[in-house]
Amino acid sequence: MRTLVLGGIRSGKSAHAEHLLETAAAVRYIATGPTTGDSSWHARVEAHRDRRGDRYRTVESSDSAALLREPTTEATLIDDLGNWLTTELDVSSAWDDDAADISARVADLVDAVANHPGDLVIVSPEVGLSVVAATASGRRFADELGRLNAAIAEVCDAVVLVVAGRVLNLPRDPSSIDPAPVATVLPAAVAAEPAVVVAAEPETVADTPESTATEFTAVDLDGVDAEIFPIVELPDHEVAEQARARQLRLTKPAHSLGRLEDLGAWMSSCQGVCPPRSLTSPAVVVFAGDHAVAADGVSAYPPEVTAQMVANIAAGGAAINVLARRAGATVEVVDMAVRADTSPHVSRYKVRAGSGDLRTGESLTIAEARRAVAAGRDIADRLVDAGADLLIAGDMGIGNTTPAAVLVGTLTDREPVVVVGRGTGIDDATWIRKTAAIRDGMRHARRYRNEPLALLAAVAGADIAAMAGFLAQAAVRKTPALLDGVITTSAALVAQQLAPGAASWWQAGHLSTEPAHKFALDSLGLQPIIDLSMRLGEGSGAVAALPLVASSIDVLAEMATFDEAGVSGGE
């Protein structure tokens, strides 16, 4: 996971950077400040070393790129790019020489960041929020810093802005950014003076609650009326018709692009405009939770793998992280009911440590189910408010295909033996145990098939309940969503009950090898975009389909019409 933390002087950006790595076993701290003989500077550095403790190993160097290419098992924190840039401008004598070019050094650092395999957090001053002299040299520094921050942001998985200790997630914009030179009007008396840009001192991180980013404090949701959703407004039918009509005017035989044309019309209708706007900030949320039924051997993996994989996703090392980076989507993992302690920013919505036994109809209490649904709704609202323009729900939980099969079997009137699948690759004996568990769960679930909240409480678990709230709220907020595999789609069946019409805002990313998945998609009236025999979960199938959705937009927005291209045969 590569994260860029931006902020002004004393904003709390360094404190937040350290907070992001609080669960790392060891951290390599790359101090980019000058290694001078300044005694006060060295005293401050030593104070920071003492405060951080033995978990941190401090390396003072201006060659951050070389250090990033060194093999290491440690997480890495670079603090900060402002000092690195100052050194590069000094070495290149570029302060007052417009011909001096440091772009190769910037490109080298960006390449090292992009290819760093481990956890990496980079601190940098945001242009306009740091002290820069109003001189030609100051203008050069601001221009170069803007370009540097933009280039680093392009290869990071997440970018945040810290102001007064508060953290704002910045949505991804895949377009190339080249900041215009700062239009500073300089007084004639100082315009030619080569000002000295003083390297910023390391920020003091006080051991107080105020210095901790409030984004990662536990979210207190009582869940009152969480299951009551407003009426879902359907995507704009007239705009969809406009999109279909435009497809007929594009330089291709009618309907020759198949589903891509349908997806483009759907995106137009969701956005209410034809042609549709390009996606700039798709977001994936992986909902994690353990289930009591997993303890009795319904999976090929032990229950403790859930917490281990949550940490892997948070660190950026899972399949969903790799696929999302390629597709230009952000990834967030949320612990709803993991039977282990997870880091505070992952567990801030946690409902309980492990959901109960679906075989006795006691996965959650009604109050817990409400809180889980409320959490999903809150997460969707937060992402949409931050600029997310397409949402994907993923899952992580050993044994979670069992509650998913219970939900699908109950809501599609299928027998347990029909909906049971091999999950993570179980053998025949495990398949028999899993089928029995699904049978027992469905005995309790059937009485609640028309009561979605009670159904979630009886057999779903907090992770699936949160997914249901997330998907339903996405539709309420008029934000398109891609469904993943059987776990996500089982939640979607309940979400459609909670918010009728929500399914019109969804597309099925792929078809899983789990037999229950096709039954669920058929019930929702959704056709999968791809079928690659995937069964991983995590949101991976939906993210694999995301580039096709983006391409459907590009086709509708960028292809020439017959008239524009001067091509005949469009009648």
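**Close-up views of a predicted model**

**View 1. Meet Ile30 and the residues around it.** Leaving aside neighbours within four places in sequence, Ile30 is in contact (heavy atoms within 4.5 Å) with Val59, Ser61, Ser64, Leu67, Thr76, Leu77, Ile78 and Asp79. This is a predicted model, in which local features need pLDDT of at least 70 and side-chain atom pairs count only at pLDDT 80 or more, while totals for chains, interfaces and linings use all residues. Residues are numbered from 1 along each chain as its sequence is written, and side-chain values use heavy atoms, with hydrogens and water left out. You will find Ile30 in strand S2 (residues 27-31); helices (H or I, at least four residues) and strands (E, at least two) are DSSP runs, numbered from the N terminus. Is Ile30 buried or exposed? Its relative accessible area is 0%, so Ile30 is buried; buried means under 20% relative accessible area, exposed over 50%, and partly exposed in between, with a 1.4 Å probe and protein chains only. Asp63 is 33 residues from Ile30 along the chain, and their C-alpha atoms are separated by 9.4 Å.

**View 2. Here is the seven-stranded sheet.** The strands of this open sheet follow the order S3-S2-S4-S5-S1-S6-S7, with mixed pairing. Two strands pair if DSSP finds at least two bridges between them. At the edges stand strand S3 (56-60) and S7, each pairing on one side only. From one strand to the next, the twist averages 20°; axes here are lines fitted to C-alpha atoms, for helices over the stretch in contact, and angles run from 0 to 180 degrees between N-to-C directions. Helix H4 (residues 81-91) packs on the sheet and touches S4 and S5, its direction making about 70° with that of S5. Strand S4 (residues 75-79) pairs with strand S5 (residues 120-125) in the parallel sense over four bridges, and Asp79 has Val123 in S5 as its bridge partner.

**View 3. Strand S6 has a partner on each side.** Strand S1 (residues 2-7) pairs with S6 in the parallel sense over five bridges, and Val5 has Val160 in S6 as its bridge partner. With strand S7 (residues 166-170), S6 pairs in the antiparallel sense, also over five bridges; here Val160 is partnered by Asn169. S6 and S7 form a hairpin with two residues between them, and Ala164 in the turn has a positive phi of about 55°. Strand S6 (residues 158-163) is mostly covered, as five of its six residues are buried.

**View 4. A six-stranded sheet comes next.** This open sheet has the strand order S9-S8-S10-S11-S12-S13, and its pairing is parallel. Strand S9 (330-337) and S13 are the edge strands, each with a single partner, so one side of each is left without a neighbour in the sheet. The twist averages 30° from one strand to the next. Between S10 and S11, which run parallel, there are two bridges, and Ile392 stands opposite Leu482 in S11. Helix H17 (residues 486-498) lies across S10, S11 and S12, running at about 120° to S10. Helix H18 (residues 515-524) lies across S11, S12 and S13, running at about 155° to S12.

**View 5. Helix H8 is largely enclosed.** Why is that? Ten of the 13 residues of H8 are buried, so the rest of the structure largely encloses it. Its buried residues, including Trp266, Met267 and Cys270, pack against helix H7 (237-249), strand S10 (390-396), strand S11 (481-483), strand S12 (506-510), S13 and H19. After H8 comes Gly272, with a positive phi near 75°.

**View 6. His510 and Asp484 meet through their side chains.** His510 is found in strand S12 and counts as buried at 3% relative accessibility. Its side chain makes a polar contact with the side chain of Asp484 (3.5 Å). A polar contact is a pair of N or O atoms within 3.5 Å; within protein, one must be able to donate a hydrogen and the other to accept it, and residues adjacent in sequence count only if both atoms are side-chain atoms.

**View 7. Finish with Glu538, found in a loop.** The loop lies between strand S13 (528-530) and helix H19 (540-558). The UniProt annotation "active site", from an unreviewed entry, covers Glu538; such annotations may be inferred rather than shown by experiment, with positions in the numbering used here and feature names shortened. At 3% relative accessibility, Glu538 counts as buried. A polar atom of its side chain lies 3.2 Å from the backbone nitrogen of Ile320. Among the residues that Glu538 touches are Met309, Ile320, Asp395 and Asp484.
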